[in-house]
Amino acid sequence: MTSLTNSRDFVRQSKLDLAPQRRISGFWQVIRIDPVLLLGLLLLCLYGLFILYSATDGDVETVRRQAIAMCVGFGVMAGMAQLNIQFYRRWAPSAYVAGLVVLGLVLLIGVDKNGARSWLDLPGLPSFQPSELLKFIVPMLVAWYLGSRPMPPSFKHIFWAGLITLIPAGLIILQNDTGTALMVTMSGIFVLLLAGLRWRIVFAGLVAAIIASPVWYLFLALPHQKNRILTFFDPYLDPTGAGYNIIQSQIAIGSGGLYGKGYGNGAQSHLDFIPESNTDFILAVLAEEFGLLGVLLLVALYLFVIIRGANIALNAADMFGRLLAGSLTLTFFLYLFVNMGMVTGLLPVIGLPLPLISRGGTAVVTLFIGFGLLMSIQMRSGGRSAR
Amino acid sequence: MTGKWQLKDREEERRLFANRLLIAMIIVASLFVALTLKLFNLQVTQYDYFASRADGNRLHSQFVPPARGLIYDRSGQLLADNQPIFNLSIVRERIEDLDETLALIASLIELSEEEVSQFKERLLRRRVPFSSVPLRFVLSEDEKARIAVNAYRLPGVSIDPQFVRTYPFDDLNAHALGYVSEINRDELDLFDEEMRENYGGTNHIGKSGVERTYEELLHGEVGYEVVEKNNRGQVMRRLERTDPVAGHNLTLYLENRLQQVAHDALGEHRGAVVAIDPSTGGILAMVSKPGFDPNLFVTGISSKDYSALVTDNINTPLFDRSVNPYPPASTVKPFIGLAGLQHGFTDRDTVIQDPGYFRLPGVRYRWGDYTLRTAIGGGHGETNLQRAIYQSCDTFFYDLGYRMGIETIHSFLSQFGFGQNFALDVGYARTGVLPSKDWKKRTRNEPWYPGDTINSSIGQGYMWATPLQLATATAIVANKGKVVRPRMLAAVDGVPFEPSESMLMPDVQIDDAENWRYIEDSMTMVVHRPYSDVFRDYGTAYEAIARSDRDMAYKMAGKSGSAQVVSIDQDILQSTDIDVSDLNKDHALFIAYGPAQHPSIEPQIAVAVFVENGQHGSSVAGPVAKAVIDAYLLDILQIDFTAFEEDPDALLSLTSEQVFEDLDHAGHDHD
């Protein structure tokens, strides 16, 4: 068993030893930027601006603001990438404590926006959502905790990891921002899963979730949540109310066909039949104007970024980096999949934007924090990559 | 044991992680596959369905109403025009809470309860789904602006331009021209499928007069268009269009200037004037006073305005007097006289002795002479037909009528259109009554009495005729027997409209053509025979017409008539000599045509004037007729009669040259 492992390791090791000669350039190493991920993100951003221009009916100002946010995002990413991943690892517990404090502060002096009390409006600072930062801090601390402990995690470790995840998630739920709480929880769970959470427990959790969901639906779900579930199963229950969005968005997507109606010709979006056509439902605009092929191109770009993220995770220098990179990548996927699933009718309506495509500067900048972390991990691994 | 587990086997853990990451990526991949399958299902498999749903969302087929044909008078004056107005319309299907929207609109512009209730009524009618239903007509610029500013709060509410009828002369032609108003349920129910489709975009339909008679010509054919609308129902662009075919433009015989003259000449009186061109039967004027403003009906008359119109029981402005029957009274005398001449019951020279009353053989009851009831007394003395006409001697006609019998009167007068509607395109005109034995049996189940004939021979009793019928009969006399049927329509889109042969009526045959001239002379004397030293030998309308205009350039033939009841003196009411019929209202009538007795110019116009409660046919109705004929001959046709000067004294055929100007004319304005 040992020899087998060793021989495998040897093979991998020798490959890696040969890698430096074939590495692209020392330039990227110096500026600590991963060119592959950068390329994917650049293409995604350009595609996003392109779609946004049509979705906003040619509103140059909106597109310009989005482009500026993206530039800021790239800057943030580059900045984040300059710091060694070990720095993040060391500061993870402190960041976590600070995060909890700020979340508590939000509950006390937070500002309501869109029905959620999740914004902090401190004098001298732009208003921001501290809960967004927890999307990174939580997986970071869970990875910090599990990365230095044996894998698969024991019950005790699962318990602590769970606690690390659920405390901020609970605080965010108190802010009435279920969507973010769910994402924060999932980012923690992704770390646990990648850390080798035993299948027994995984399945037990799944079964528990399946059993719990009717209970949630009957006793805990809010009326608008119930509506979303009902209209997911049959949008035509309330075609002008809760089902309207999904019906119109399906009409837009379906009428786009294989090749789409052409740029700027999406009647559904330009005649305002699609609600939220430049935020949550922007995929419908894309699907209507560029058809299945246009959506598949977007899927391909996303897949490119995800594969690169998985690659970075696989080649990270230590378990902290691996778990964090894996979790960040999967969270990114979860984001886009929830949105695409919602717009196509594959999932119930959950108000999440389509990452890097939907209008919204804050969301863009936040996403780039994650990509900055990924790049920092990639640099620590010595630029190792599968190819 | 625990110690062993505490040890980190880095390679093992790494493999575990790689394993998990692989599984995660497989799940990611399969979810992408699921997403792609879903997209394939929507965009390829169900493409046709969703494509048509998308078109259904945005594409709307709608009717384009045709422009209603314009109506001109004979001189090309526009009588009925189309003007743009802006209406506030609502697409019901686009509105969630109607009451909320109505409340919001009411906070922006004035919106009466009546308009709201009318709107809700319109909503209940048969209509195309997603069609605009008008709520408020004729928005002002200010109201338009206030709605436009708040358009974002008012999805499904739009401002629609619309061309609607306007009648530039307001009440002047209201009865003859009629008006258009919103199509009502009953009218819709009468439509067949094709009609209903043709009226798909039309809100209005002709309700009366020419507008109703020629609805089919005026309406035109509906067009269609396919438009793209956004989610608020606003039209973004037009994609396809079948243009509507505008309605035909009509030219009428009506002469607006003559309408105005007739309207003014009637003054404050209630009444009607009908003028006909004897050569064609074209109706030159058809006025009923008081009129009403037809423009009020076009965009939905308010109940306040409407009740003002219908509750006025005395003036009854909506009531068309020009086509309503009244006792024609003495205006029938020329026709009765002509009947007597034609059927040999009298001749041009027969003279009777008039004691002032008529008595049936063996009956003590005396039919008095209305025309003399307030005068000096006695009769006209020796009277022939001509004198009986220009002096309007009842006794002569009692005798003549009695001898002829009602059947002869009936058959002869029916040739002139009495008792029937001769009009080609005034279908709504009443027929009046030309009584007969058969008619009385049929309608009243009573036998015909000799006294009925006597009343009928002076145009009273059962005899009823409309001003239109009187004008028609007068035109036939002016034509010396050539029957013309009155009509409004002169041309369609500039092409003259000629009635077909089958619409022609046989002419009135008079064996001795001299009798026509004789009647014309008699009627001309009504107007022109001056006072003389002979007792009761002037024309009844001489003072009111010829004497008041000594320079009258042409001769006018006329006949006055009065059916008096209301202002009868108390002593006459109690007199047993006079049969006071309840039907005899104190109305003044005058029929006339001109020029008469002209050597080279045929009569150009025949007129009937009816003045409700006008008291005196010659002095009240006569000048109205003169004003109309004057205006037509002198101002409109501009005939220069001075070129045809003739002997001014030709009419004093009986005796003196001398005119008794200082005579006491107490009874002269009687018929």
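A residue is buried if 20 or more other C-beta atoms lie within 10 Å of its own, exposed if 12 or fewer, and partly exposed in between, with C-beta atoms placed from the backbone. Helices (H or I, at least four residues) and strands (E, at least two) are DSSP runs, numbered from the N terminus.

First, the ground rules. This is a predicted model, where local features need pLDDT of at least 70, side-chain atom pairs count only at pLDDT 80 or more, and totals for chains, interfaces and linings use all residues. Residues are numbered from 1 along each chain as its sequence is written, while chains are lettered from A and ligands numbered from 1 in the order in which they are written.

Now confidence. pLDDT is the predictor's confidence in each residue, from 0 to 100. Chain A has a mean of 85, and 90% of its residues reach 70 or more. Residues 1–22 of chain A stay under 50.

On to α4(A), residues 60–82. Which residues of α4(A) are buried? Among them are A:Val63, A:Gln66, A:Met70, A:Phe74 and A:Met77. An α-helix has 3.6 residues a turn, so residues three or four places apart point the same way. The buried residues of α4(A) pack against α3 (35–55) and α15 (361–380) of chain A.

Next, the interface. Contact means that C-beta atoms, placed from the backbone, lie within 7 Å. 43 residues of chain A are in contact with 37 of chain B. On the chain A side, α13(A) gives the largest share, 11 residues.

Chain B has 25 helices and 21 strands. Of its 671 residues, 45% are buried.

Last, the cores. A nonpolar core is a set of buried Ala, Val, Leu, Ile, Met, Phe, Trp, Tyr and Cys residues joined through C-beta atoms within 7 Å. The largest has 131 residues, and B:Val624 is one of those touching the most other members. Helix α25 (617–636) of chain B gives this core its largest share, 10 residues. Why does the core lie between domain 2 and domain 3 of chain B? Because both domain 2 (60–252) and domain 3 (324–486 + 502–604) give residues to it; the bounds come from an automatic or database domain assignment.

Notes
Two residues are in contact if their C-beta atoms, placed from the backbone, lie within 7 Å.
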